[in-house]
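Here are my notes for your first look at this entry. Keep the viewer open and check each point as you read.

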Amino acid sequence: MTPTSAPLSERAAEPVLEVRDLVKHYPLTGGGLIRRRTGAVRAVDGVSFRLGAGETLGVVGESGCGKSTLARLLVSLERPTAGQIRYRGEDITRLSGRALKAVRRNIQMVFQDPYTSLNPRMTVGDIVGEPYEIHPEVAPRGDRRRRVRELLEVVGLDPGHLNRYPHQFSGGQRQRIGIARGLALRPEIIVADEPVSALDVSVQAQVVNLLAGLQRRFGLAYVFIAHDLSVVRHISDRIGVMYLGRTVETGTDTQIYDHPTHPYTQALLSAVPVPDPAARDRRARILLSGDVPSPADPPSGCRFRTRCWKARERCAVEVPALAVPEAFRDGRTPARHPSACHFAEERRVVPAEGAA
Amino acid sequence: MLLDVQDLRVEFRTRDGIARAVNGVSYGVDAGETLAVLGESGSGKSVTAQAVMGILDTPPGRITGGRILFRGRDLLTLPEDARRAVRGAEMAMVFQDALSALNPVLTVGDQLAEMFTVHRGMSRRDARARAVELMDRVRIPAARQRAGQYPHQFSGGMRQRIMIAMAIALEPALIIADEPTTALDVTVQAQVMDLLAELRRETGTALVLITHDLGVVADVADRIAVMYAGRIVETAPVHDLYRAPAHPYTRGLLDSIPRLDRKGRELYAIKGLPPGLTALPAGCAFHPRCPRARDLCRTDEPPLFPVAGEGQVAGAGGDGRGAGDGGEARRAWDAGGAGGRRSACHFWRETLDDADISAAV
């Protein structure tokens, strides 16, 4: 993800989005009359990645790892404390006014909760057409109704339902409405924050397929943020694993899922229940102790060390860099991908396919 | 059989009419067994559990039929005070959302101790000591100090441990866990499921695990019952069901989940949406979404047919209707197909064959 460790991926063409050392700290203030700054929640603390055109980057991590803050930074809903977000080579973090508006058109968001992210008092037609109010240059006024109908059709909804309200739709259908709205301005990049987490399994598959189909059809690049590792593997070309505001490991889906080298990734993968009862006894579970530390007071050195079974003194003093570990630097092994661990080792935790 | 739910029916009065949430559900749990009840939202899995626990909101809910036999007694005919003595002491429940299930203005120590003062008539001091013991047992660090804290001061995983401590407090014979780990992160989920499994090994408690997660089921369950639109559509030993589902809905669910161990192409997606409970389709409730549906499915509601596995012949000629109220039907029910397999599909045989074919390819 850093320039020195550019992905082995063949599609490392000119990135549409490049993030460098992105940081977002939320100040903590003490009570009392004078709001003194007493510390900061280090929600995102040095994240870098590149996203190629038409590519999907999956971001996984547990609650509090900063993945949602990252999403909000990418679509300029929040301003970063430090670092750069380069869209087609231009840093957008300091833009404002018209320039920012132009960039926002190309980076759109799909939210997690289809129940609260749609205005209950607006019709579906108005919700999906609202982006045209803000960016009238995309569609002339007379053309908007037709465009909205087209969008509804593209996401698999009945264009005749234009005048209905969100509550008249199911969760999966509402998520389609949110996706249609995201597509309205024909963006290049869609940032999707847990877009299928609130949906039932049978409906989730429909929406995942829809997202994959739209990507092929419109050449979209996705930043797909989720906690469900199976969904992320399914949809992503490359994956970044986050822990407490940092990326701990990154690589292609095979590199991360079949050849993980960071202990946190290994623990995370081993904890995912696999829908195969025959795998029950063959799997080795890595059970982590304790909870994720507070991002307001992260551990020194490696942030994962307080829950890591490999931790030694070095981990407490030296922050491990996100780079290809020395042990794998020469080989042509799939373990050769960036991993922020002083003691990175390959360990297979997902049972091999079809062993059942 | 420890718990024997027979032909349970529950309705809700709503503005849009009568919602038939549970339409003749039968399942049984033996002592020490883990039964997973799998279903999507609105399938009736939680309502069934609430009826068993006796915590269904009535009104708007109403139990319109069936029996719930627990250790041979029909809970539905018990007076409320007798029911109360069963609840907590003999069967206990773990809820999904521990933060709203715990009392926010009482310390967790007090809430745990209450189990012993109310049900066992212990002194407050003894009860308090037992509460701390329990917190130790579910591996909450610094239990003595933390017993004085309030629920909001605990993390999600720790709160779920307190829920589990409360459930095991009186050593019940049955625990019903309704989506106990759905709100938790995967690493914490693994901790909590591990704790549940360990406690069950020690105490031999039976578990009814209500979930939508096919992965969690595969990890812990002995048997599984799949629910759809208020009915059980398939029930089987867990290995058999994953190897070869005998109902198109189960088959669809299994095919629609992305897998951790492989990179899929297109996911299979069950078309359409689950039906509204106020207007269930005639015949098989799944027929509007079923790739296998024929005329028969649109008119005749399929009973739970016994399913014969590989090479076996189905017993009882396929009439499993009535779900066993009486000796003979009961025995037929127990016999079921291979290992008590049943499927509410007119074409279970074809579905099973399909699965075998795709497994062989």
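This is a predicted model: local features need pLDDT of at least 70, side-chain atom pairs count only at pLDDT 80 or more; totals for chains, interfaces and linings use all residues.

1. Eight strands build an open sheet with mixed pairing. As background, strands of a sheet pair through backbone hydrogen bonds, either parallel or antiparallel.

2. Now find the edges. They are β6 (91-94) and β11 (305-306) of chain B, and each of these strands pairs on one side only. The partner of β11(B) is β12 (residues 342-343) of chain B. The two run antiparallel and are joined over two bridges.

3. α11(B) lies across β3 (34-38), β9 (223-228) and β10 (231-237) of chain B. The angle between α11(B) and β9(B) is about 100°.

4. Turn to the interface. Here 44 residues of chain B are in contact with 46 residues of chain A. The size of an interface is often given as the accessible area lost when the parts come together. For chain B and chain A, the buried area is about 4000 Å². Carbon and sulfur atoms give 55% of that area.

5. Which side chains meet in a salt bridge? They are those of R285(A) and D219(B), at 2.6 Å from N to O. The count between chain B and chain A is one salt bridge. Across this interface there are also 15 residue pairs in polar contact.

6. Last, see what chain B brings to chain A. Helices α8 (186-203), α9 (214-220), α10 (238-243) and α11 (248-256) of chain B each supply at least two residues of the touching side. By class, that side has 21 nonpolar, 11 polar and 12 charged residues.

Note on methods:
Residues are numbered from 1 along each chain as its sequence is written. Chains are lettered from A and ligands numbered from 1 in the order in which they are written. Side-chain values use heavy atoms; hydrogens and water are left out. Contact means heavy atoms within 4.5 Å. Buried area is the accessible area (1.4 Å probe) that two parts lose on being put together, summed over both. A salt bridge is a side-chain nitrogen of Lys or Arg within 4 Å of a carboxyl oxygen of Asp or Glu. A polar contact is a pair of N or O atoms within 3.5 Å; within protein, one must be able to donate a hydrogen and the other to accept it, and residues adjacent in sequence count only if both atoms are side-chain atoms. Helices (H or I, at least four residues) and strands (E, at least two) are DSSP runs, numbered from the N terminus. Ala, Val, Leu, Ile, Met, Phe, Trp, Tyr, Cys and Pro count as nonpolar, Asp, Glu, Lys and Arg as charged, and the others, Gly among them, as polar. Two strands pair if DSSP finds at least two bridges between them. Axes are lines fitted to C-alpha atoms, for helices over the stretch in contact, and angles run from 0 to 180 degrees between N-to-C directions.
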